[in-house]
Amino acid sequence: QRKIRIGIAGYGNLGKGVEMAIAQSPDMELVGVFSRRNPADVQLLDSNIPVHAQNDIAQFRDQIDVLILCGGSKNDLPEQGPALAAMFNIVDSFDTHATIPEYHAAMDSAAKPAGYTAMISVGWDPGLFSLNRLYGEAILPVGATYTFWGKGLSQGHSDAVRRVPGVKAGVQYTLPAEAAIERVRNGELPELATREKHKRECYVVLADGADAKEVEQNIVSMPHYFADYDTTVNFISEQELRRDHAAMPHGGVVIRSGTSDAGTTQVMEYTLKLGSNPEFTAAVLVAYARATWRLNQSGVIGAQTVLDVAPGLLSPKSGAELRKELL
Ligand SMILES: NC(=O)C1=CN([C@@H]2O[C@H](COP(=O)(O)OP(=O)(O)OC[C@H]3O[C@@H](n4cnc5c(N)ncnc54)[C@H](OP(=O)(O)O)[C@@H]3O)[C@@H](O)[C@H]2O)C=CC1
Ligand SMILES: N[C@@H](C[C@H]1CC(C(=O)O)=NO1)C(=O)O
């Protein structure tokens with residue numbers, strides 16, 4: 001059986017992570033990377049893999065089985081997603097939670113008429129955390145679900161910060177309220193508002209001539225990303241950013257605290273501890289690229305999410321080999 005042929009659209013932290021994850025997937029091959037920049041300016045880990053201009057991507061439709069979109073959710077995917085879903089089977093990590101329904105509809109309208117499969121919002125949140133919220137609510141219907149992230153670097157929020165006019169570079173850390181986590185773990189089933197669960201800290205390098213107050217106001221008031229949180233913006237130099245903020249650790253936990261009819265307390269927890277947010281997210285994208293190809297080959301087309309995928313489709317194993325996981 002031939003290898004699954006993968007393309008990458010957009011080469012940043014996530015694109016680089018996908019390149020790494022494919023190198024760990026013997027049933028896949030990376031046939032090319034597509035970038036909006038001049039291909040000569042894009043350095044891959046493996047210099048033998050060709051880099052093409054994004055505008056030329058249509059020429060590669062018969063050479064790619066699944067295209068993994070690694071653009072930013074704030075500005076890139078809303079535009080690139082539907083255009084590419086009409087030409088390829090795609091997997092993306094779209095994570096602007098509030099607008100996922102609209103994005104799902106746009107991707108379905110693009111992919112379905114063309115017979116492609118669009119696997120959207122793959123990663124850990126949305127993604128694996130979404131799956132575990134579903135498990136919790138399906139298995140413990142009487143209870144409450146809590147999601148806490150960090151302390152760590154959110155790539156979606158860092159991308160959003162970098163898109164603000166006047167920001168030359170930047171990152172965002174998410175800090176969970178430890179007291180709130182304690183109350184949940186004690187089974188208190190607390191009612192927690194968004195602002196009571198996390199704080200957000202941004203570190204920004206200002207572009208020359210930019211107004212710091214204006215940049216700060218643009219960030220803290222940003223809908224879907226910062227408006228509902230207590231957010232601080234710290235202005236630092238490029239040297240400090242490179243020295244102190246190059247790593248991208250993250251993680252979090254989904255907790256379902258519920259009771260069975262006898263009043264017995266049951267708690268489900270799913271935890272991630274990530275040395276590299278992008279490298280882990282990319283590994284999830286690559287596993288779901290395997291499932292996307294299999295689904296398309298079996299006639300499942302249009303927009304899909306992790307909630308629609310049988311877990312066995314993620315594994316390179318099959319049959320008895322796969323069922324060893326049950327032993
Ligand atoms: N669902 C989930 O759990 C997760 C989702 N994500 C999503 O992944 C998205 C991408 O994150 P991330 O890879 O960190 O974003 P980056 O900022 O690293 O890259 C985003 C895009 O910017 C362009 N780019 C990258 N580097 C440069 C550069 N040096 N100069 C100019 N342009 C550049 C690339 O496009 P091009 O090559 O075309 O120029 C790239 O596709 C996030 O917005 C987030 O939404 C991330 C983590 C988890
Ligand atoms: N999508 C997130 C993954 C997690 C992290 C996060 C946050 O810190 O707010 N929310 O979801 C990311 O881009 O890193």
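**Salt bridges in a predicted model**

Q: How many salt bridges does the count come to in this predicted model?
A: The rule requires a side-chain nitrogen of Lys or Arg within 4 Å of a carboxyl oxygen of Asp or Glu. By this rule, the number of salt bridges comes to 17.

Q: Which helix holds Arg-185, the partner of Glu-269?
A: The side chains of Glu-269 and Arg-185 form a salt bridge at 2.9 Å, N to O. Glu-269 belongs to strand 13 (residues 265-274), so its pairing with Arg-185 ties together parts 84 residues apart in sequence. Relative accessible area is 40% for Glu-269 and 42% for Arg-185, and the Arg-185 end of the pair lies in helix 6 (residues 178-185).

Q: How many residues apart in sequence are the parts tied together by Asp-230 and Arg-195?
A: A salt bridge of 2.8 Å, N to O, links the side chains of Asp-230 and Arg-195. Asp-230 lies in strand 11 (residues 230-235) and Arg-195 in helix 7 (residues 194-197), so the pair joins parts whose separation in sequence is 35 residues.

Q: Is Asp-230 buried, partly exposed or exposed?
A: Buried means under 20% relative accessible area and exposed means over 50%, with partly exposed in between. Asp-230 has 33% relative accessibility, so Asp-230 counts as partly exposed.

Q: What is the N to O distance in the salt bridge between Asp-108 and Lys-112?
A: Lys-112 is partly exposed, at 42% relative accessibility. The side chain of Lys-112 meets that of Asp-108 in a salt bridge, with an N to O distance of 3.2 Å.

Key: Residues numbered from 1 in each chain as written. Chains lettered and ligands numbered in written order. Predicted model: local features only at pLDDT ≥ 70, side-chain atom pairs only at ≥ 80, totals over all residues. Heavy atoms only, no water. Buried < 20%, exposed > 50% of the residue type's maximum accessible area, 1.4 Å probe, protein only. Helix = DSSP H or I, 4+ residues; strand = E, 2+ residues; numbered from the N terminus.
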